[in-house]
Amino acid sequence: MYFDDDDSKIAGTVGAMIGAALGIGIWCLFGLLGRIAFIGGIAIFLGSFGGYYLLGKGMSKTGLIISAVIIAISVYIATRLNWSIALWKETGMSVSECYKILPKLLKKLGERGSFYKELFIGYLITLGGGFVALMKLGVIDN
């Protein structure tokens with residue numbers, strides 16, 4: 001992999017956030033079906049790195065770190081949003097209300113362990129699937 005220090009950090013960061021947001025959308029669509037989305041994790045991973053690369057016009061080591069941080073935050077947001085959607089279906093509260101009070105609801109329902117287990121699995125799926133996708137695309141040598 002070749003790193004270019006002439007990339008645009010600001011444009012690349014915006015691109016990574018846009019790509020990750022699209023991945024979150026895919027993740028949550030599968031979440032509506034009651035699934036942990038393998039393809040959503042790949043979409044967040046590739047969307048973040050691809051978005052940075054496209055809008056940043058290259059990828060520096062700093063860009064790699066920025067994209068990785070955006071991926072980590074995005075997986076958390078996607079998992080929390082999925083749980084909020086599930087609670088919205090059960091409680092009738094709005095999704096935004098469920099998202100806001102999710103930690104309290106998880107504690108009250110005794111589901112914090114389940115949430116963190118799903119979050120951990122989400123990180124594994126995203127990293128594993130993302131690296132496999134990069135290898136298949138030829139970005140990373142086997």
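## Accessibility and the model

A residue is called buried under 20% relative accessible area, exposed over 50%, and partly exposed in between. The structure discussed here is a predicted model.

Val 14 is placed in helix 1.

Val 14 also belongs to a nonpolar surface patch of about 860 Å², together with Ile 10, Met 17, Ile 18, Leu 22, Tyr 53, Leu 54 and Leu 55. Two or more residues of the patch come from each of helix 1 (9-32) and helix 2 (38-56). Helix 1 makes the greatest contribution, with five residues.

Ser 84 is located in helix 3, which comprises residues 61-91. Its relative accessibility is 0%, so Ser 84 is classed as buried.

When neighbours within four places in sequence are set aside, the contacts of Ser 84 are Val 95, Cys 98, Tyr 99 and Leu 102.

## Annotated transmembrane regions

An unreviewed UniProt entry carries the annotation "transmembrane region" for residues 12-30, 36-55, 62-79 and 120-139.

In the model, residues 12-30 are 100% helix and 0% strand, and the end C-alpha atoms of this span are 27 Å apart. Residues 62-79 are likewise 100% helix and 0% strand, with 26 Å between the end C-alpha atoms.

Notes: Residues numbered from 1 in each chain as written. Predicted model: local features only at pLDDT ≥ 70, side-chain atom pairs only at ≥ 80, totals over all residues. Heavy atoms only, no water. Patch = residues over 30% accessible without salt bridge, like charges linked within 9 Å, V, L, I, M, F, W, Y side chains within 5 Å. Areas by Shrake-Rupley, 256 points an atom, 1.4 Å probe, with all protein chains shown as cover. Salt bridge = Lys/Arg side-chain N within 4 Å of Asp/Glu carboxyl O. Helix = DSSP H or I, 4+ residues; strand = E, 2+ residues; numbered from the N terminus. Buried < 20%, exposed > 50% of the residue type's maximum accessible area, 1.4 Å probe, protein only. Contact = heavy atoms within 4.5 Å. UniProt positions renumbered as here; feature names shortened; annotations may be inferred.
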